[in-house]
Amino acid sequence: MKRPLVVLVAVLMLPMAALLPHVAATGANLVDAGYTQEAEPSFVYWKEMFDGSILTVDTDGNLSVNSFSNGILFPQWSIELNVDANAARLDAAQQLTVVCHDNGAYTVHMGLQIANRNISTSDPVNDADWDEEGDLWLAFFAGRRRAEEFDNEGPTGVTSPVVQSGINAFDIISGGRIVLGSYDTKVYIVDNQGVSLVSLTDSNAIVNAVLEDHNGDLLVGTANGKLFRYNTDSWSVETLSLSHGKSIVSIEEFGNSTYHIGTQDGKLTQVQVLTFAEGSTYASSGRVIGSQQEFSGELYIVTSTTLSSKIRLYDLDTDGDGFTDQNDAFPLEFTQWLDIDGDGYGDNPNGYLADAFPYESSQWADADEDGFGDNPEGFEGDQFPDNDEQWLDTDGDGFGDNVNGRDGDKFKLEPSQWADADQDGFGDNVNGITPDACPTVNGFSNQDRYGCLDSDLDGWSNPTLNWTVEQGADALPLQKSQWRDGDGDGYGDNLTGELADDCNWKAGTSTKAWIANTSSPVGFIEVPSYGCEDLDGDGWVDVTESQNMQLDPNEHFDGDNDGVGSNSDYDDTRPLVQTEEDHCLLNFDDNSLACQGWRNKDYQNYLLREKDEGEPDLSFIAWNTSKNAGLLDSDSVDSSTVQQVVLVGGGAFLVLTAVILVVGFIAKRRKTNSLVKMYGVPFVPTENRSAENEALEGTAGLSAQGGIVSDASWDDEIEGLDFSEVPDEFAEENTETQAVDAESLYGTDDSLESIAGVPNSAQPEPEPEVPQAPAEAPPLPPGGLPEGWTTDQWKWYGQEWLDKNQ
């Protein structure tokens with residue numbers, strides 16, 4: 001049985017009842033209070049028991065005994081029979097209930113709360129009742145169309161006559177007489193042996209309901225809204241046609257004074273027992289299956305549809321305010337009727353004792369109308385009932401939590417503070433917690449003092465005339481990560497901060513240090529280091545500089561420990577080399593012009609000469625050129641003359657260089673042609689290493705092969721080779737340099753054979769094809785073009801040079 005759903009729907013409908021239309025019932029001082037409960041599935045039976053509880057049976061065969069209060073059923077106990085129930089009936093002693101269903105009938109013992117009997121039948125049972133002997137009669141409205149008697153053993157075989165048109169109403173009245181209402185508009189009276197006694201034919205419509213009242217009279221309701229009352233002794237009849245003319249489906253008697261006549265369409269008409277006169281009619285919806293009349297006058301109508309049953313209340317309205325007493329929280333006060341929070345103050349703001357807080361039971365008055373109740377012990381009680389801008393004082397300091405209101409508390413959780421003139425979050429009360437040391441300055445310092453200017457927002461206030469660094473102010477007010485500077489050198493003592501002082505015990509100006517590092521090529525690396533001693537002001541920490549470098553602002557490292565810093569030392573890896581002079585005098589394989597100048601005593605004497613102020617020194621090459629030209633013989637040399645000599649000498653040097661390059665190019669070209677003639681390629685094959693070839697290549701004697709190709713190629717008289725050193729063009733001896741062109745040296749037709757003295761063969765070989773220049777030049781060596789080479793030469797012969805020198 002779906003009892004939780006019933007209770008839930010009932011609770012939800014209670015507040016709705018007061019909002020439904022208030023329709024006055026016909027002829028009575030009752031007001032429609034709406035539905036109080038809806039239950040699923042629908043009821044087939046409703047009966048008030050002796051103790052005031054309500055017995056219900058629904059279409060699923062769920063039998064339930066309920067308490068009934070304010071129109072709501074509250075289940076006390078129930079039995080689920082799981083049958084398709086058609087009807088039910090409680091016996092006169094209220095000890096047994098029979099539940100009629102499609103496959104028979106169950107009997108339920110109300111005291112034991114169990115189903116103690118199940119009678120199975122092949123036809124649906126539509127109604128049942130007990131006779132005066134305690135035997136149970138089952139009524140079959142269709143199919144068998146009769147009533148049958150059952151005792152404790154089973155069917156007794158006693159039945160009523162068959163009603164051919166079918167049965168539509170059933171009851172057992174005094175004397176054990178059986179009443180059968182029929183579709184043929186007749187009412188058949190049968191004794192307990194199944195013998196017909198009388199047929200009542202006053203109705204001209206289908207008989208839907210029959211009931212014996214407390215006087216023993218038989219009430220018959222028909223489909224055309226007529227009610228018949230028969231004296232069961234004389235069978236005399238009284239007839240009442242209800243004004244609405246609706247089909248009567250249920251008849252009940254209340255208090256031996258009133259009949260409740262229910263209709264198919266939800267109407268319930270009260271009929272006076274004494275006068276058999278029609279009284280008030282109350283409307284609901286659905287088929288009326290029962291009703292409940294309270295002692296105080298309220299009326300509940302119970303109706304059923306296919307899916308559910310509803311309980312509708314018609315209640316009294318004592319104060320005449322349009323709200324029933326059942327739903328009127330103030331039944332004697334016509335200006336109030338609703339009290340949602342139940343605090344005894346009405347929800348009508350214009351009524352007597354109106355509730356200013358209709359949804360809060362602990363509040364009802366609000367003198368300053370700020371929305372907070374005047375009851376200080378109630379919910380959100382107004383702690384400032386006379387101040388409409390304040391209501392709460394969380395910290396209890398007498399200032400309200402509404403910071404923007406009158407007497408507002410800027411610190412609602414701190415009782416020792418309430419005002420903050422500069423609005424920096426620090427209170428103005430000097431005796432309170434975190435007092436503002438600068439109450440007129442919007443500041444955010446919170447370390448040395450509160451509420452003062454803190455430019456770098458590190459929590460330490462800027463120093464002022466009245467608050468110095470010695471007293472705790474920020475020594476570095478523009479560095480967020482620094483605030484203390486014990487040695488006063490401008491670098492902070494916080495080692496994890498920016499520009500931290502690595503020597504905070506002594507003032508210093510260093511910014512970097514030179515420390516050992518094995519992975520560095522020089523064994524040392526530079527690291528930041530601030531605030532240490534730096535006597536020479538070069539930024540380096542003195543103790544990390546090389547020995548004797550701490551007083552030289554231009555030096556900090558001496559790699560070879562020769563006393564000369566790496567910035568000045570020509571080669572800081574060699575202790576004996578400190579200057580270019582040292583290098584040149586110790587490295588005779590360096591023939592650079594600079595080293596030639598250092599090694600030339602005359603040039604060095606020239607540099608040490610006495611000279612006029614502003615007189616420049618000639619470079620070594622210019623001096624040498626001038627000397628060779630005889631321009632330095634005179635003690636007095638005109639500067640313009642020296643300048644002309646330098647220009648002429650330089651030009652001659654360039655021309656001579658160009659001639660040498662041309663001659664070399666022509667010689668190389670001839671050599672290439674001769675190689676092509678000899679080997680078919682412009683180079684010497686690596687597998688042919690004869691002495692002749694070596695002689696041609698200038699590598700004679702390096703191979704394991706001896707001799708030359710033909711002894712006949714040599715003259716009888718061979719001039720010996722001259723291995724004497726060729727004089728340097730810039731040597732001290734003044735030798736004249738003569739220009740030699742390639743044509744006068746070699747001629748235009750000389751071949752390599754004629755130059756070497758090897759005669760041509762009888763049959764001269766055809767002139768070899770001149771090779772074409774490569775499309776792309778070979779890659780340059782790491783040092784660039786070899787000295788004396790041109791780009792064009794490298795394009796032709798660079799690969800050969802690479803092959804020989806790799």
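In this predicted model, E615 and R609 form a salt bridge whose closest N and O atoms are 3.2 Å apart. E615 counts as partly exposed because its relative accessibility is 32%, and R609 is likewise partly exposed, at 22%. Through shared partners, salt bridges also join R89, D127, D129 and D171 into one network. The count of salt bridges comes to 14, and the table presents three of them.

| Salt bridge | N to O distance |
|---|---|
| E615 and R609 | 3.2 Å |
| E148 and R144 | 2.9 Å |
| R406 and E389 | 3.9 Å |

The side chains of R406 and E389 meet in a salt bridge. Both residues lie in the loop between β28 and β29, so the pair ties together parts that are 17 residues apart in sequence. In the pair formed by E148 and R144, E148 is buried, with a relative accessible area of 7%, whereas R144 is partly exposed, at 22%.

The largest pocket has a volume of about 1,700 Å³. Its lining comprises 46 residues, and those closest to its centre are Y45, A88, R89, L211 and I251. By class, the lining has 24 nonpolar, 9 polar and 13 charged residues.

Helix α5 spans residues 620-628, and its buried residues include F620 and W623. Just after α5, G630 takes a positive phi of about 75°.

Conventions
Residues are numbered from 1 along each chain as its sequence is written. This is a predicted model: local features need pLDDT of at least 70, side-chain atom pairs count only at pLDDT 80 or more; totals for chains, interfaces and linings use all residues. Side-chain values use heavy atoms; hydrogens and water are left out. On a 1 Å grid over the protein atoms alone, a cavity is a set of points where a 1.4 Å probe fits but cannot get out, and a pocket is an open set with protein on both sides within 12 Å along at least five of seven lines; lining residues have an atom within 4 Å of a point. Grid points are joined across faces, edges and corners, and a volume is the space filled by probe spheres set on the points. Ala, Val, Leu, Ile, Met, Phe, Trp, Tyr, Cys and Pro count as nonpolar, Asp, Glu, Lys and Arg as charged, and the others, Gly among them, as polar. Buried means under 20% relative accessible area, exposed over 50%, partly exposed in between (1.4 Å probe, protein chains only). Helices (H or I, at least four residues) and strands (E, at least two) are DSSP runs, numbered from the N terminus. A salt bridge is a side-chain nitrogen of Lys or Arg within 4 Å of a carboxyl oxygen of Asp or Glu.
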